[in-house]
Structures are given as structure tokens and as C-alpha cells.
Amino acid sequence: MRVVLAEDLFLLRDGLVRLLEAYGFEIAAAVESGPELERALAELEPDVAVVDVRLPPTHTDEGLQCALTARRRRPGLPVLVLSQHVEQLYARELLADGSGGVGYLLKDRVFDAEQFVDAVRRVAAGGTAMDPQVIQQLLARRSGDGQGPVERLTPREREVLELMAQGRSNTAIAGKLVVTERAVAKHTANIFVKLGLEVSDDDNRRVLAVLAYLDRDR
Amino acid sequence: MVLAAVRGLVLALAVWPWTVVVYCLALVSLTLIPLGVGLVTTPWVVRAARALADNRRDLARRWCGMHIPSAYRPLPRTANPARRTYALLQDPATWRDLRWLMADTVAGLVTALLPVVLVCYPLEGFALAAGLWRVVTDGSGGPYWYAFVPVGDRTTALAAGALAVLLLVVADRYAVNALGVHFRLTRGLLTPGRAELAERVKVLTDTRRDAVDTSAAELRRIERDLHDGAQARLVAMGMDLGTIELLLDKDPEKARQLLAQARQSSAEALAELRDLVRGIHPPVLAERGLGDAVRALALRLPVPTEVAVELPGRAGAPVESAAYFAVSEVLTNAVKHSGADRIWADLHHAEGHLRISVTDNGRGGAAIGAGSGLAGVERRLGTFDGVLAVSSPAGGPTMVTMEIPCALS
């Protein structure tokens with residue numbers, strides 16, 4: 001799997017290259033600025049891009065803008081965005097085209113190599129990887145008034161919803177919560193009924209539906 | 001020379017009519033004060049006059065490199081039109097603006113046209129010499145006067161031409177200065193007196209002290225947060241790592257436990273640093289500017305908040321930061337105390353001011369006073385000559401408006 005990596009801090013870039021290579025990824029390019037990233041995304045046609053939000057020369061949201069532009073040119077181009085902070089605003093922009101293949105994680109998540117690599121693979125396969133903090137922000141907003149549909153979920157269902165919204169598959173959720181996959185499937189079915197969403201067998205579409213629901217304005 | 005003439009023409013044709021309009025409106029508005037109507041209109045007219053004066057100050061700076069100081073008191077923050085008008089009429093700067101408007105309607109126009117005339121009059125002389133003299137002397141008996149030259153035939157026309165050359169030389173030397181006459185006149189009328197400058201100095205001294213105090217308190221807070229938070233965690237992590245080194249051979253199981261703990265500490269230290277950074281200068285503000293930073297902030301609030309932004313550019317970083325924290329404080333207040341279930345924030349830039357309003361449909365009763373967060377917001381904005389106004393009748397709704405004079409880039 002070919003990866004384009006954009007990160008301006010040398011230590012982190014170097015560490016990511018080594019990490020991804022250790023897990024069998026091929027690094028097509030590891031760049032450190034916005035213009036280089038733009039060129040690499042246009043010319044190298046990677047399977048997935050791992051991009052820092054803030055890049056030179058402007059040190060603003062250059063990386064995010066490059067990623068969004070590249071996805072407009074090539075819809076569904078898998079992009080995993082890393083940042084020192086997560087904002088629902090940015091998550092919304094990444095998810096706006098509804099085509100999946102999007103990840104948005106705190107840089108801290110790199111500490112857990114297994115999970116990070118899993119997220120990269122998921123995004124490359126057209127799935128989603130949203131940072132737990134984003135999901136918590138979404139849920140906190142959803143459950144402010146104490147009577148919305150999210151409030152009617154059982155604690156277990158809420159846990160499942162959180163993991164599902166992060167983009168994890170039923171298998172992964174079952175592993176994480178130490179329950180059977182069938183139990184998870186039952187919880188998901190309940191969640192979809194309680195939130196009034198249409199059930200879909202497609203994992204990716206399911207995640208996008210949940211995220212769209214959580215992000216909807218009340 | 002030509003540039004000076006063009007600028008004079010612009011002044012006379014594009015700027016001067018506004019003087020007349022605003023001056024007339026001001027007179028009408030002032031006479032209508034006894035009828036009550038003037039109370040509502042006067043603040044608007046006074047502000048228009050200020051904008052016009054500021055525009056002329058700007059032109060003076062750009063065209064003649066002339067600095068015309070201004071010393072307006074901050075706009076009164078009461079919503080009551082009578083008190084607003086009264087406060088504005090108390091400001092000597094208001095009356096000075098009116099005096100200037102009056103002078104500008106006549107003297108301003110004349111001085112603006114001076115360079116135009118200086119440049120155009122020689123042209124007429126050339127035209128006469130080139131043959132126009134035939135046309136202008138046709139039919140009528142008497143000579144056509146060009147300055148003091150009676151133009152009647154070819155010779156006198158040539159004399160007029162010669163005079164025109166002379167005048168052109170004069171114009172070349174003095175046209176720029178002639179435009180300067182206009183701005184010197186403006187400066188003479190608009191420059192504040194000593195008492196006003198003293199008042200302005202007092203305001204600046206106060207706001208500077210506030211700014212210094214606030215930033216010192218901020219630094220103390222940051223120091224404490226770092227000291228008790230991230231720094232302490234890094235110490236713990238270092239100790240854990242040292243112990244791990246010792247245990248690696250003797251007790252690998254225990255070492256593994258400590259490793260997990262160290263990782264946990266590093267994650268917590270990062271989280272604390274992140275919060276601290278958000279409190280110093282939110283990353284979205286640096287990355288996207290004020291509009292998106294407020295949008296991102298709104299998305300974190302438990303109360304549904306609509307944000308409307310109309311900012312064609314970005315304000316300077318200090319202004320952005322002050323405005324952001326002001327909005328943040330006001331929004332937090334609304335969420336905590338108003339009991340509102342909806343909030344609206346509106347940010348736009350008009351007439352050289354960044355204008356922000358935050359409205360909620362809560363129970364009202366908010367006031368600027370000791371101990372309320374709004375007093376802090378007022379101090380913060382004061383550093384930038386910004387003002388804060390609160391309208392919050394019991395029963396709501398509450399509307400907080402903020403204005404900071406600034407330019408966008």
C-alpha cells in the first residue's frame with residue numbers, strides 16, 4: 001500500500017515513516033510543506049495520504065486545504081489528517097462530501113502503533129477514523145438537554161455508538177468491549193431504531209450515517 | 001503636478017459632496033432634537049461626520065504625508081438614544097467636526113480646486129495661442145481676457161500662450177503645495193486641543209495599565225498551569241523511566257506496568273498542554289482566523305448557536321485574539337447564566353470597525369459590573385479602543401455588542 005506522508009517536524013515525520021514501513025506500507029513520498037504535498041498527491045496517486053493540518057509555508061491549515069483540494073479532484077481519495085488539536089469544524093469539512101475514506105486523529109494517537117496503523121488501513125479501504133475526542137464533543141452537544149434520542153440509549157449502546165462513530169467495525173467493537181459480535185450487532189440495530197436511522201449492511205455507510213446524525217443541527 | 005490636480009478634482013467631485021450632505025443632515029438633525037426625532041438621528045449623523053473626518057485624515061496621510069491627530073471619546077455604550085446623543089454632544093470633538101464640515105463646504109472646495117485651476121488655466125492659454133483665440137473673439141467686439149492679457153489677435157494670443165508657459169512653470173512648482181493648503185486647512189480645523197489630548201492620554205494610560213496587569217496575570221496563570229501540570233507530569237515520567245531502567249532485568253513485569261504508566265503520563269501531559277495552548281491562543285484562530293475560530297467555539301457549546309460571519313479579511317493578530325476571547329467570555333456567560341436555549345453570534349466589519357453581537361433568548365438581567373466577566377471583557381477591549389454595550393432587560397433577550405476599531409487585511 002503506497003502512502004504519501006506530510007509532516008513538517010522532522011522527528012515525527014521520520015518516526016511515522018519508520019512506523020509505517022515496519023507495518024509493510026510503502027512510503028511513496030514523505031514531504032514537509034504544502035506545495036510539495038500538493039504535487040505529491042497529484043503525481044504519485046497514493047492509496048492513502050497521511051497529512052498534518054498545519055504545514056509550511058503559511059503554518060495555517062495548509063495540509064487540510066491540500067487534502068480537501070485533492071479530494072475534490074479525486075473524490076474518495078483516502079486521507080488521514082493528523083493534528084495537535086481536533087475541531088468538529090474540520091471534521092465536518094472532511095466529511096462534507098459524504099464519500100468516506102476520511103480520517104481525523106490527534107497526533108497523540110500515534111503512540112498506540114497498532115491502533116494507528118489500523119486507522120490508516122481503515123481509511124485506505126474507504127472507511128472512517130474519527131478521533132474519540134471529536135465523537136465525545138459531538139455526543140456532548142447531542143445530549144445537552146437530557147431528553148434527545150441519544151439520552152435514551154443504554155450506557156452499553158452509547159459505548160457502541162461511540163466506537164461505531166469512530167469508524168470501527170463490529171468485529172473491532174466486539175473485541176474492544178469483550179462481547180460477541182452478535183451482541184454488538186444487536187446493539188447497533190437498537191441504536192439505529194432509537195435514533196430513527198435507516199439500517200445499512202455497509203459498514204462505511206453506517207458510520208457516515210451516524211456521524212451525519214450526530215453533527216446535524218438541532 | 002498632474003497628480004495633485006487629479007487629487008484635487010477627486011476631492012472636489014467625489015469627497016466634497018458628502019461634506020455638504022452630512023453638514024446639512026447634521027444641521028437638520030440638531031434642530032430636530034427638541035422634537036425628539038433628532039435624538040435618534042444625531043448619533044448616526046455624528047458618526048457619519050467622524051467617518052468623513054477620518055477619511056480626510058486618511059487622504060491627508062496618503063497624499064501629503066500629513067498626520068492629523070484625532071481624539072474622539074469612545075462611542076457611548078448606552079442604548080438610550082437621549083443619553084447617547086447627550087454624550088456625543090458633550091464630546092468637543094463632535095463640535096470640532098461640525099466646525100470643520102462648515103468650513104469644508106466653502107473653503108474646502110476652493111482649496112481643493114486650487115491645484116486643478118493651477119493646472120488647467122495654462123492649458124487654456126495654450127489653446128488660445130493655438131487658435132482658440134479666433135473662436136472666442138469672433139462676433140463680440142471686445143477682447144477676451146486671459147488673466148491680464150486682452151486677447152484680440154494672433155500677437156496677443158501668443159502673449160497669452162507665453163503667459164501660460166509662465167503659469168505652467170508656477171503650477172509645476174506649486175500645485176502640490178496648493179493641495180497641501182487644503183489639508184493644512186483641514187488639519188488646522190480637525191486637530192484636537194490640548195485638553196482633549198490630555199484626556200486621551202489619560203485614557204491611554206488607564207488602558208495600558210489594564211493591559212499590562214491583564215497580561216501579567218495571564219503569564220502567572222500560565223506559569224502555574226505549566227508548573228503544576230505538564231512539568232510535574234514530565235518529572236513523574238522521567239522518574240518512571242529511571243525505575244524502568246533499573247527493573248528491566250530484575251522484574252520485567254513490573255517494568256512493563258511502569259511503561260504503561262509513563263505512557264499514560266505523557267498522554268495526560270499532552271492533553272494539559274493542549275488545553276493550555278487553547279487558553280493562550282486557540283490553534284483554530286491561528287489557522288483560520290476569527291470567523292472560523294468562533295464557529296469552532298460555537299460547535300463546542302452545549303447550547304445551539306448560530307454564527308454569522310462577514311469578514312472580507314483578517315484583523316491584526318492582537319485584535320483577533322482580544323475579540324476571540326471577548327466573544328468566548330460572552331458566550332460562556334450566556335450558556336452559564338442566561339438559561340437560553342438559542343444563541344446568535346454575528347461578526348462583521350463596517351466603517352473601520354469590527355462589530356460583534358451576541359444575542360440569546362434567555363432571561364436577561366446581565367450587567368457590566370464588578371465581578372462579572374463582562375467587566376473583564378470591557379477592559380480587554382479597552383486596550384484596542386474597543387467598546388462593549390449590554391442590553392439585557394429582565395426577562396430577556398440579552399444582546400451584547402462589541403466594537404473594535406481596526407482595519408482588515
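## Exercises on a predicted two-chain model

Helix α1 (residues 10-22) of chain A has 13 residues, and its first and last C-alpha atoms are 18 Å apart, close to the 18 Å expected at 1.5 Å a residue. The expected span is 1.5 Å times one less than the number of residues. Helices (H or I, at least four residues) and strands (E, at least two) are DSSP runs, numbered from the N terminus. After α1(A) comes G24(A), with a positive phi near 85°.

The model is predicted: local features need pLDDT of at least 70, side-chain atom pairs count only at pLDDT 80 or more, and totals for chains, interfaces and linings use all residues. Residues are numbered from 1 along each chain as its sequence is written, while chains are lettered from A and ligands numbered from 1 in the order in which they are written.

**Exercise 1.** State the confidence of the model and of chain B.

*Solution.* 
- Step 1: the model has ipTM 0.88 and pTM 0.72.
- Step 2: pLDDT is the predictor's confidence in each residue, from 0 to 100. Its mean over chain B is 86, with 97% of the residues of chain B at 70 or more.

**Exercise 2.** Describe how the two domains of chain A meet.

*Solution.* 
- Step 1: chain A divides into domain 1 (2-130) and domain 2 (134-215); such bounds come from an automatic or database domain assignment. The C-alpha centres of these two domains of chain A are 25 Å apart.
- Step 2: contact requires C-beta atoms, placed from the backbone, within 7 Å. By that criterion 14 residues of domain 1 of chain A touch 13 residues of domain 2 of chain A.
- Step 3: on the domain 1 side, α4 (88-95) and β6 (128-130) of chain A are the elements that give two or more residues. The largest share, four residues, is from α4(A).

**Exercise 3.** Locate the largest nonpolar core.

*Solution.* 
- Step 1: a nonpolar core is a set of buried Ala, Val, Leu, Ile, Met, Phe, Trp, Tyr and Cys residues joined through C-beta atoms within 7 Å.
- Step 2: the largest has 60 residues, of which V50(A), V51(A), L80(A), V81(A), Y104(A) and A165(A) touch the most other members.
- Step 3: this core lies between domain 1 (2-130) and domain 2 (134-215) of chain A, because both give residues to it.
- Step 4: another core, of 38 residues, lies apart from it and includes A293(B), V327(B), L331(B) and M402(B).

**Exercise 4.** Identify the elements of chain B that touch chain A.

*Solution.* 
- Step 1: 17 residues of chain B are in contact with 16 residues of chain A.
- Step 2: on the chain B side, α8 (252-280), α9 (283-288) and α10 (290-300) are the elements that give two or more residues.

Key: Buried ≥ 20, exposed ≤ 12 C-beta atoms within 10 Å, placed from the backbone.
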